[in-house]
Amino acid sequence: MAVSEITSPAVAAVPGKHRAAVGASLPPARGQSFLKLVTIELRKSVNTRSGQVLILAILALALAALTWELTHMQDGKQAFDGYLGAASTGVMILLPVIGVMAMTSEWTQRTALTTFTLSPRRVRVQLAKFVSAIVLSVVVLSATVVLAVAGTALGGSISGDGASYAGFGGALAGAYLTTALNVVMGAAFGAVIAQTAVAILVFFVAPTAWALAGPALFKSNADWLDVFGAFGRIAERDLHGMVPETLTAIGVWIVLPTIAGLWASSRREVK
C-alpha cells in the first residue's frame with residue numbers, strides 16, 4: 001500500500017511548505033488539571049479491593065469501639081470526646097495505610113510508565129496523591145464523627161443522664177488535624193520507600209520504636225522526636241508549653257520525609 005493511501009486526505013492535499021502552518025493552527029493540547037489529577041487519585045484509592053477493605057475495616061472498628069463504650073458506660077453524662085476518641089482509633093491506625101498505598105501503587109503495580117507518560121510532571125502527580133489522601137481521610141473521619149455523635153446520643157439516652165457535647169468544635173478540630181497529619185506521614189513514607197510492604201512496616205515500627213526506646217535512652221529529650229506525643233498534644237488542643245518539641249517532631253517525621261519523597265519520586269527510574 002502506498003503511503004499516500006493511508007495519509008489523511010486533508011493533510012495530503014496541503015503542500016509540504018504549508019504543513020507547519022496547518023499544525024500551528026491546531027488548538028494546543030491541554031494537560032490534566034490538578035483537580036482532575038486529585039479526582040483520579042481518589043478513584044484509585046477507593047476502587048481497589050484493598051482500599052475498600054481498609055475503609056470498611058475502619059468503619060467496623062469504629063462500630064466495635066462504640067459498642068464497647070455503650071456497654072461500659074460510666075456514671076454521669078456521656079461525653080462526646082470520649083466516644084470520638086474510641087471511634088477514631090481505627091482511623092488513626094488504618095487510614096494512613098491508604099496513604100502509603102497511594103504513593104507506592106505506581107511502582108509496585110508497574111503503572112508508573114502509563115501514569116507519568118500521561119502526566120510527565122511527577123511532583124504534580126505526587127502532590128495530587130497527597131491531597132487525595134487528605135480528602136479521603138476527611139471523608140472517612142466525617143463518617144466516624146457521625147457515628148460518634150449518634151453513639152453519644154444513644155449512650156445518654158440509655159444511661160438516663162444525658163449526653164454532653166462540651167468542646168465539640170475543639171474536639172473535631174484536633175481530630176481532623178491529627179488525622180490529616182498522620183495520613184500525610186504515611187504517604188510521605190510511601191513516597192520515600194516506594195515498596196508497599198516495606199513502607200507500611202517502617203511507618204508502624206520506626207516511630208513506635210522511638211516512642212518506646214527514646215525515653216529510656218534520652219529521658220525528656222526524647223520528646224523532641226516523639227511524633228505520637230505531638231499528635232496527642234495536637235488532638236487535645238493543648239501543647240503543654242512544648243511548642244518547639246511538637247514542631248520538631250512534626251518536621252522530622254512528616255515534613256522531611258515529604259520533601260525527600262517528592263525528590264526521590266521525581267528522580268526514580270520508571271520501568
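A residue is termed buried when its relative accessible area is under 20%, exposed when that area is over 50%, and partly exposed in between. The structure examined here is a predicted model. Within it, Phe80 has a relative accessible area of 1% and is therefore classed as buried.

A search of the whole structure returns seven aromatic pairs. One of these joins Phe80 to Phe168 in a tilted arrangement, with the ring centres 4.8 Å apart and 40 degrees between the planes. Phe80 belongs to helix 6 (residues 80–87) and Phe168 to helix 10 (residues 168–193), so this pair ties together parts of the chain that are 88 residues apart in sequence. In contrast to the buried Phe80, Phe168 is partly exposed, its relative accessible area being 31%.

A further pair, formed by Phe189 and Phe203, is edge-to-face, with a centre-to-centre distance of 5.9 Å and an angle of 80 degrees between the planes. Because Phe189 is placed in helix 10 and Phe203 in helix 11 (residues 196–218), the pair ties together parts that are 14 residues apart in sequence. Phe189 and Phe203 are both buried. These two residues also take part in a cluster, in which ring pairs link Phe189, Phe203, Phe204 and Trp253.

Helix 12 (residues 227–235) and helix 13 (residues 243–267) pack with their axes 9 Å apart, at an angle of about 125 degrees. The crossing of helix 12 and helix 13 is left-handed.

Glu41 is located in helix 4 (residues 34–46). With a relative accessible area of 4%, Glu41 is buried. When residues up to four places away in sequence are not counted, Glu41 touches Glu106, Val125, Ala128, Lys129 and Ser132.

Methods
Residues are numbered from 1 along each chain as its sequence is written. This is a predicted model: local features need pLDDT of at least 70, side-chain atom pairs count only at pLDDT 80 or more; totals for chains, interfaces and linings use all residues. Side-chain values use heavy atoms; hydrogens and water are left out. Rings of Phe, Tyr and Trp (its six-membered ring) pair if their centres lie within 6.5 Å; planes under 30 degrees apart count as stacked, over 60 as edge-to-face and the rest as tilted. Helices (H or I, at least four residues) and strands (E, at least two) are DSSP runs, numbered from the N terminus. Buried means under 20% relative accessible area, exposed over 50%, partly exposed in between (1.4 Å probe, protein chains only). Contact means heavy atoms within 4.5 Å. Axes are lines fitted to C-alpha atoms, for helices over the stretch in contact, and angles run from 0 to 180 degrees between N-to-C directions. A crossing is left-handed if the near helix is turned anticlockwise from the far one by less than a right angle, and right-handed if clockwise.
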